[in-house]
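Please read the following with the sequence and the model in view.

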Amino acid sequence: MDYLAHLTLNCGIFIILAVSLNLINGMAGQFSLGHAGFWAIGAYTGAAFSTFAPLPIPDWMNLLVGCGVGGISASIAGVLIGIPCLRLRGDYLAIATLGFSEIIRLIIINMDVVGGPRGFTNIPKWANLGWVYLWVVITILVISNLMKGTHGRAIISIREDEIAAESLGINTFKYKLLAFVVGSGFAGVAGALFAYSQQFIHPNGFNFLWSVIILLMIILGGLGSITGAVVGAIILTLLPEVLRLMGPTISEWRMVIYSLLLILLMLWRPQGIFGKHEFKIFSLIKRLKT
Amino acid sequence: MSGPILHTKNITMRFGGLMAVDQVQLKVFKNDLVGIIGPNGAGKTTVFNMITGIYTPSAGEIILQDKNINNERAYTISKLGVARTFQNIRLFKDLSVIDNIRLAGHQKLTYSGISSILRTKNFKEQEEKLTEKAIKLLKIFKLEDKKDFLARNLPYGKQRRLEIARALATDPKLLLLDEPAAGMNPKETRELSDLIIWLRDYFKIAILLIEHDMGLVMNVCERIYVLDYGKLIAEGNPSEIQNNPKVIEAYLGTSEVD
């Protein structure tokens, strides 16, 4: 039971990370490979808040403040990194963001206050499944509502055609930055939640590989689809565990099978499971009725 | 009469050693319908790109309603009332037809990102107004039945029309059309000529257009500028241009016998 709860919780954290990265990569079309860096900032500032400066209020309030601290500090990092990096395009942006996330990790390793290479221990357990999924709902609601307004349309127009967007009066840099800041902010919240549920975080737990895995989640689900990001996050979190349970042979080969499945999916459906579409419950009901 | 809406004073664009546009003077007045013609590579689109802020001129001044816009960014110039279409259509292909139009209303909306997240009354009212306006515009362009189609699924002629509609949705004072008739058949081209004249009168805007289809240019434009190798070689009304020896030379070459 504990194992299942742990898996479900991880799913929640990765849903937040995937949905927020989808805003940057899928919606704004800015190829960022630094999401693990923002996740780490959120986790470490959240953990530092809970250990060094918890407020004299009930734990659940502290949890909310901690998530706020994690999210805001990751957003600030997003502004600082976004302003120079978002002037770059495509591969160059990917390399620059990747570099920044590695810098963040190396800084943390060299900071003794937060445990350095030993990791950050004894973080209070404030978060549980309920809190994580409350934040999942908040993340999805905020991002999907934002996308339905003119700010969201402006963000998508950058992905579609930057020159046309500029010629229609859209300050593309501003909206790239908005997507970047909101996206990194939610990654920070996911980090704080991660810290409060695991109670132990380690800098190498936020390395480059995780940025790639979160990116895989949204590519698998369909770049530009929030539903796709959710489904991709669930599949890629559960898949290795499901393969592990399928007997000793499959378990041994599970990483190979995992990779093969990804390759096959990309061959059959390069646009991802959902493409750019969203799963809409209301229109499905309508279609079923007629 | 007041001065011109748009006045380019000897604008020049150099790309390295290449003189793409060399000291070109254009004047566009209110309600004008002006054409720019010239052989391929004459620098017509480069002139458009300078006016709309995609390039910054190497020399010269672009004056938009008594204001120098040389160093303004493209989105500011759009706010000042210049809209354009592109030679190779640049629609937002994965957005619906109506969203393409709604995007162009972006600068008129004042609600914040927060109010869009919280779905405030202000957000809903402004969005409703925007949608109404977009549908009105789509009706003018006979696209309202296609409003929920993705832009990429429209046939070519309709994509061109949608691009003009999108440019108009920014409420411009000056509309720049870059080869609006490219790839259209004669019937579509005739319809487009009528549409351009009608748009000018209905929206009371000035239109500056680049076009290779001489039929359209001669029908529609009241004044024509001719560019060749980046230089302005002639200007005047259609019949003056048709009989101008320099223009004939640029298009057909000189005879060696004379």
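Why does B:Q126 count as buried? B:Q126 is buried because it has 20 C-beta neighbours inside 10 Å; the class requires 20 or more other C-beta atoms within 10 Å of a residue's own, with 12 or fewer for exposed, partly exposed in between, and C-beta atoms placed from the backbone.

This is a predicted model, in which local features need pLDDT of at least 70 and side-chain atom pairs count only at pLDDT 80 or more, while totals for chains, interfaces and linings use all residues. Residues are numbered from 1 along each chain as its sequence is written, and chains are lettered from A and ligands numbered from 1 in the order in which they are written.

B:Q126 sits in helix α5 (residues 121–140) of chain B; helices (H or I, at least four residues) and strands (E, at least two) are DSSP runs numbered from the N terminus. Leaving aside residues up to four places away in sequence, B:Q126 touches B:L109 and B:Y111, contact meaning C-beta atoms, placed from the backbone, within 7 Å. Between B:Q126 and B:Y111 there are 7.8 Å from C-alpha to C-alpha, at a sequence separation of 15 residues.

Chain B consists of domain 1 (1–81 + 172–258) and domain 2 (95–169), with bounds from an automatic or database domain assignment. Their contact takes 9 residues from domain 1 of chain B and 7 residues from domain 2 of chain B. On the domain 1 side, β7 (174–178) and α7 (186–203) of chain B each supply at least two residues.

Between the chains, the contact takes 26 residues from chain B and 23 residues from chain A. Elements giving two or more residues to the chain B side are α2 (74–79), α3 (97–104) and α4 (113–117) of chain B.

Methods. Two residues are in contact if their C-beta atoms, placed from the backbone, lie within 7 Å.
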